[in-house]
Amino acid sequence: AVRLDVEVRGEITQHDVKVLELSTLKGVFEDVVAETVSYVNAPLFARARDVEVRFMTSSESPDHRNLVTVRGTLASGEEVSVSGTLAGNRNRPKIVAIGDYDVDLDITDHMAFLRYEDMPGVIGTVGRVLGEAGVNIAGMQVARATEGGEALVALTIDSEVAPHLIAEIAGEIGATSARFVSLA
C-alpha cells in the first residue's frame, strides 16, 4: 500500500500544525497531477490514488527543538524519508536526516543526493564532473553508517544540473540512487 506519514515533533505541537499535513500533500501532488493543487483538493488527490495519509504529533523531540519528518512508502514497499527543522537564531530551514543518514544541510533551490558504496575518490569525482560542467558546489556532506558500507553524498549547488551530469556521476561512482532536486 502507498502511504504518506507526516510526523511533527517538539514545541511546535503546542500550536495547530495540521497545515503541515496539507502542505506536504500539496507539495507531493504538485508534480504528480496536471491540475492545480491546493490545500483544499490535495487530500482528494490522495484519496483518489489510494494513498493512505497518517499525521502524527508528539511533544517529544530528543535531538531538535522542532522536527518535521515526511516518510513515503511506495507501492514496491521501499520507504523514503526526510526530516527537517529550523535552526539557529535566524530559524534557517535545514534537512537533518535523509532516510537513516544524519545530515546537517541548508535547504537551497538546487540540491543533489547520491547513494553509493563507500570508497575513496567519490568526492573528487563529484567535484571534477560538476566543475568541468561549470556547476559550482555551495556545500557537500557525506554521511555513512559504517566504513565501507553504503554512503550518501548530499550537495547544495548554485544552479540546475543537467540529468546527463547526474547520470555521469552515478555511473562513475556506482551510485545505487541519484537524484537532483530543484525547489526554485
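Q: In this predicted model, where buried means under 20% relative accessible area and exposed means over 50%, is threonine 125 buried or exposed?
A: Threonine 125 belongs to helix H3, which covers residues 122–132. Its relative accessible area is 16%, and because the limit for burial is under 20%, threonine 125 counts as buried.

Q: How is isoleucine 123 classed at 48% relative accessibility?
A: Isoleucine 123 is also found in helix H3, and together with Met140 and Val142 it makes a nonpolar surface patch of about 230 Å². Because a residue must be over 50% to be exposed and under 20% to be buried, isoleucine 123, at 48% relative accessibility, counts as partly exposed.

Q: Which element gives the most to the largest nonpolar core?
A: This core has 18 residues, and those that touch the most other members are Leu114, Leu130, Leu155, Ile157, Val161 and Ile169. At least two residues each are supplied by strand S7 (110–117), H3, strand S9 (150–157) and helix H4 (163–173). With 5 residues, the element that gives the most to this core is H4.

Q: How many residues are in the other core, which includes Ile95 and Tyr101?
A: Leucine 114, once its neighbours within four places in sequence are left aside, is in contact with residues including Leu155, Ile169 and Ile173. Apart from the core already described lies another one, with Ile95, Tyr101, Leu105 and Met111 among its members, and its size is 10 residues.

Q: What is the bridge partner of valine 82 in S5?
A: Strand S4 (residues 79–87) is joined by 6 bridges to strand S3 (residues 66–73), the two running antiparallel, and on that side valine 82 stands opposite valine 70. S4 also pairs in the antiparallel sense with strand S5 (residues 92–98), over 6 bridges. In S5, the bridge partner of valine 82 is isoleucine 98.

Q: Which glycine takes a positive phi in the hairpin of S4 and S5?
A: In the hairpin of S3 and S4, with 5 residues between the strands, glycine 77 in the turn has a positive phi of about 95 degrees. The hairpin of S4 and S5 has 4 residues between its strands, and the residue there with a positive phi, near 75 degrees, is glycine 88.

Conventions:
Residues numbered from 1 in each chain as written. Predicted model: local features only at pLDDT ≥ 70, side-chain atom pairs only at ≥ 80, totals over all residues. Heavy atoms only, no water. Pairing = 2+ DSSP bridges. Buried < 20%, exposed > 50% of the residue type's maximum accessible area, 1.4 Å probe, protein only. Patch = residues over 30% accessible without salt bridge, like charges linked within 9 Å, V, L, I, M, F, W, Y side chains within 5 Å. Areas by Shrake-Rupley, 256 points an atom, 1.4 Å probe, with all protein chains shown as cover. Salt bridge = Lys/Arg side-chain N within 4 Å of Asp/Glu carboxyl O. Core = buried A, V, L, I, M, F, W, Y, C linked by side-chain atoms within 4.5 Å. Contact = heavy atoms within 4.5 Å.
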